[in-house]
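Here are some notes for a colleague who is opening this entry for the first time. Please read them with the structure in view.

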Amino acid sequence: KGLENHTVGSGFILLGFSDHSSLQGLSFAVFLVIYLMVLTGNSLIALITVVDSSLHSPMYFFLRNLSFLEICYTSVTLPKMLVGFLMEDGKISFLGCAAQLYFLVLLGSVESLLLAAMAYDRYVAICDPLRYTLIMSRGLCIGLVVGPWMAVAPVQVGQTYQVFTLPFCASHDLHHFFCDVPPLLELACADTFWNQVMLYTIILLFAVLPFSLIVISYIKIIRAILKIPSVLGRRKAFSTCSSHLGVVTLFYGSVTVFYLKQRSRHSVDTDKYLALFYTIVTPMFNPVIYSLRNKEMRIALRR
């Protein structure tokens, strides 16, 4: 009965940064600029990698898909945040919250797997350059992009359903700026043990495992680079990986701390700032990292 009432009720209230009410106008302006930067920067990278024939390689095919993911990822959370700042109203419907959670965890998991695919691409390019074009065929590249969507989508449907069939307590105040699993579980009036099991299983499959593959790839890459006799050759080889390493560090660093650290009332603000990092800051810096650290991208941008 309680679940039924909640489903047709007013949904949740995203408290976000409402405790800093005097900064609502400034926050709106800052996040609007960030959103426009994310849209412009990532769209520009996607466009350049399509129209410039010199960038028609697996590395830039993956980068184009990463840029598309970043646009979608921020569009799940930022527009709702901006409306909240403007209207000073953090209300979100039950179905709206479920949709936001689903797309957020779906896109985040797909991005994690895509970063692992990009690490594999760099591994093949540096450790097996003579067979690079043979191994990184068009079919494999498409498979490495489409595969994560097919693997993640049904799993995240299950997790979203599991969370939103819980009975929620009288308080619908969500201490976050978007609907996410940990803050939602805090509002549940039932045992969330199996939800926690599901959450950490998904983290293991779609975050820890891909990150482990990235680490293994880079251990092999570093060993191969150190064997290159010339300093210039080593520098050139490492420069093709440095952009990817920067993005991986930003994304996985904030995600790991947010999901694996012990949550408490005192850490609510810290949790929100960490979430800002992997949902907004990383997508904003991706185009900057790739355009500044990558010589081919700089040349293509000038053209």
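1. The model is predicted. In an unreviewed entry, UniProt lists residues 26-50, 62-87, 99-120, 132-151, 197-219, 240-261 and 273-292 under "transmembrane region".

2. Two of the listed spans. Residues 26-50 are 100% helix and 0% strand, and the C-alpha atoms at the ends of this span lie 36 Å apart. For residues 132-151 the figures are 90% helix and 0% strand, with 26 Å between the end C-alpha atoms.

3. Helix 4 and helix 6. Two packed helices are described by the angle between their axes and the distance between the axes. Helix 4 covers residues 94-127 and helix 6 covers residues 138-164; their packing angle is about 150°, and their axes are 8 Å apart. Angles over 145 degrees count as roughly antiparallel, and helix 4 and helix 6 are therefore roughly antiparallel to each other. The crossing of helix 4 with helix 6 is right-handed. Their contact involves 23 nonpolar residues, four polar ones and no charged ones.

4. Helix 6 and helix 8. Helix 6 also packs with helix 8 (residues 193-226), at an angle of about 160° and with the axes 10 Å apart. This pair is therefore roughly antiparallel as well. Here the crossing is left-handed. On the helix 6 side, the contact is made by A151, V152, V155, Q156, G158, Q159, Q162 and V163; on the helix 8 side, by W194, N195, M198, L199, I202 and F206. By class, the contact of helix 6 with helix 8 has nine nonpolar residues, five polar and no charged.

5. T77. Apart from neighbours within four places in sequence, T77 is in contact with Q100, L104 and F178.

6. T249. T249 belongs to helix 9, residues 231-260. T249 has a relative accessible area of 57% and is therefore exposed, the cut-off for exposed being over 50%. In sequence, T249 and T282 are 33 residues apart; in space, the distance is 9.6 Å from C-alpha to C-alpha.

7. To recap, helix 6 is roughly antiparallel to helix 4 and roughly antiparallel to helix 8.

Note on methods:
Residues are numbered from 1 along each chain as its sequence is written. This is a predicted model: local features need pLDDT of at least 70, side-chain atom pairs count only at pLDDT 80 or more; totals for chains, interfaces and linings use all residues. Side-chain values use heavy atoms; hydrogens and water are left out. UniProt positions are given in the numbering used here, feature names are shortened, and annotations may be inferred rather than shown by experiment. Helices (H or I, at least four residues) and strands (E, at least two) are DSSP runs, numbered from the N terminus. Axes are lines fitted to C-alpha atoms, for helices over the stretch in contact, and angles run from 0 to 180 degrees between N-to-C directions. Angles under 35 degrees count as roughly parallel, over 145 as roughly antiparallel, 65 to 115 as roughly perpendicular and the rest as oblique. A crossing is left-handed if the near helix is turned anticlockwise from the far one by less than a right angle, and right-handed if clockwise. Ala, Val, Leu, Ile, Met, Phe, Trp, Tyr, Cys and Pro count as nonpolar, Asp, Glu, Lys and Arg as charged, and the others, Gly among them, as polar. Contact means heavy atoms within 4.5 Å. Buried means under 20% relative accessible area, exposed over 50%, partly exposed in between (1.4 Å probe, protein chains only).
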